[in-house]
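Here is my note on the model shown below.

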Amino acid sequence: MILLQAAVVGSLGYGLGVGLTSIFGYAMRNSILAFKFPWQLLLFSGSGVTLICMFAALLSIVKVIRLEPAIVFKS
């Protein structure tokens, strides 16, 4: 479940970020704010987002594994 949540949040965040950046770049293509958006940038930023999400999920999984099962059901 933790891995699924990390994958969904990472995908949504990356997709929204790339989409909004592409729309902004297209809208500003003929102005002073124009910028290049090569495929390498998409690849490296996607790799960075994947690594961050994997690390965050790993931290959460370690906390869940260390949790004592009796504490969860204690009232």
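1. F35 has a relative accessible area of 35%, so this residue is partly exposed. In these terms buried means under 20% relative accessible area, exposed over 50%, and partly exposed in between, with a 1.4 Å probe and protein chains only. F24, at 41%, is partly exposed, and F37, at 29%, is partly exposed.

2. The model is a predicted one, in which local features need pLDDT of at least 70, side-chain atom pairs count only at pLDDT 80 or more, and totals for chains, interfaces and linings use all residues. Residues are numbered from 1 along each chain as its sequence is written, and side-chain values use heavy atoms, with hydrogens and water left out.

3. How many aromatic pairs are there? The count comes to 2, where rings of Phe, Tyr and Trp (its six-membered ring) pair if their centres lie within 6.5 Å; planes under 30 degrees apart count as stacked, over 60 as edge-to-face and the rest as tilted. The ring centres of F24 and F35 are 6.3 Å apart and the planes are at 20°, so this pair is stacked. F24 lies in helix α1 and F35 in the loop between α1 and α2 (39-66), so the pair ties together parts 11 residues apart in sequence. Helices (H or I, at least four residues) are DSSP runs, numbered from the N terminus.

4. The rings of F35 and F37 have centres 6.2 Å apart and planes at 85°, so that pair is edge-to-face. F24, F35 and F37 form one aromatic cluster.

5. A charge also meets a ring: the charged end of R29 sits over the ring of Y26, 4.0 Å from its centre. The criterion is NZ of Lys or CZ of Arg within 6 Å of the ring centre and within 35 degrees of the ring normal.

6. M1 is placed in the segment before α1 (2-27) and counts as exposed at 71% relative accessibility. Together with L4, V8 and L12, M1 forms a nonpolar surface patch of about 440 Å² accessible area. Such patches take residues with over 30% relative accessible area and no salt bridge, nonpolar side chains (Val, Leu, Ile, Met, Phe, Trp, Tyr) being joined within 5 Å. A salt bridge is a side-chain nitrogen of Lys or Arg within 4 Å of a carboxyl oxygen of Asp or Glu.

7. K74 lies in the segment after α3 (69-73) and counts as exposed, at 66% relative accessibility. K74 and V62 are 12 residues apart in sequence and 21 Å apart in space, C-alpha to C-alpha.

Notes. Patches are made of residues with over 30% relative accessible area and no salt bridge: like charges are joined within 9 Å, nonpolar side chains (Val, Leu, Ile, Met, Phe, Trp, Tyr) within 5 Å. Accessible areas come from the Shrake-Rupley method with a 1.4 Å probe; for residues, only the protein chains shown count as cover. Helices (H or I, at least four residues) and strands (E, at least two) are DSSP runs, numbered from the N terminus.
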